[in-house]
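Hi,

Here is the structure you asked about.

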Amino acid sequence: MGEMLIANGHIEQGVEHLANAVVVCGQPTQLLQVLQQTLPAQVFTLLIHKMKEYRNKMEPQGTEGRVEELSDDLE
């Protein structure tokens, strides 16, 4: 769904769907690696920013570090 939204020009909505997919994915690092290879660089950057927004919202609930670890794995 996210990729289809992006292809149709709905970048923000598509990125949000992809970010949600990464959050619930059993192997988020692998998914992010695939997305990094298939998405335009600007869109992937938006995805990483969205993931960091999610991290900032979730930090008080004890999930800090997961998104940052995933981002670090990709660098």
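H3 passes H4 in a right-handed crossing (the near helix is turned clockwise from the far one by less than a right angle). This is a predicted model, where local features need pLDDT of at least 70 and side-chain atom pairs count only at pLDDT 80 or more, while totals for chains, interfaces and linings use all residues. Residues are numbered from 1 along each chain as its sequence is written, and side-chain values use heavy atoms, without hydrogens and water.

Helices here are DSSP runs of H or I with at least four residues, numbered from the N terminus. H3 covers residues 28-38 and H4 residues 41-58; their axes come within 8 Å and cross at roughly 150° (axes are lines fitted to C-alpha atoms over the stretch in contact, with angles from 0 to 180 degrees between N-to-C directions). H3 and H4 are therefore roughly antiparallel (over 145 degrees). On the H3 side, Leu32, Leu35 and Gln36 meet Phe44, Leu47 and Ile48 of H4 (contact means heavy atoms within 4.5 Å).

H2, residues 11-24, also packs against H3, at about 150° with the axes 8 Å apart. That makes this pair roughly antiparallel too. Leu18, Ala21 and Val22 of H2 touch Pro28, Leu31, Leu32 and Leu35 of H3.

Which residues of H3 are buried? They are Pro28, Thr29, Leu32 and Leu35 (buried is under 20% relative accessible area, with a 1.4 Å probe and protein chains only). Down the axis of H3 they fall within an arc of 125°, so they line one face of the helix (the arc is that of the directions from the helix axis to the C-beta atoms).

Cheers

Notes. Helices (H or I, at least four residues) and strands (E, at least two) are DSSP runs, numbered from the N terminus. Angles under 35 degrees count as roughly parallel, over 145 as roughly antiparallel, 65 to 115 as roughly perpendicular and the rest as oblique. Buried means under 20% relative accessible area, exposed over 50%, partly exposed in between (1.4 Å probe, protein chains only).
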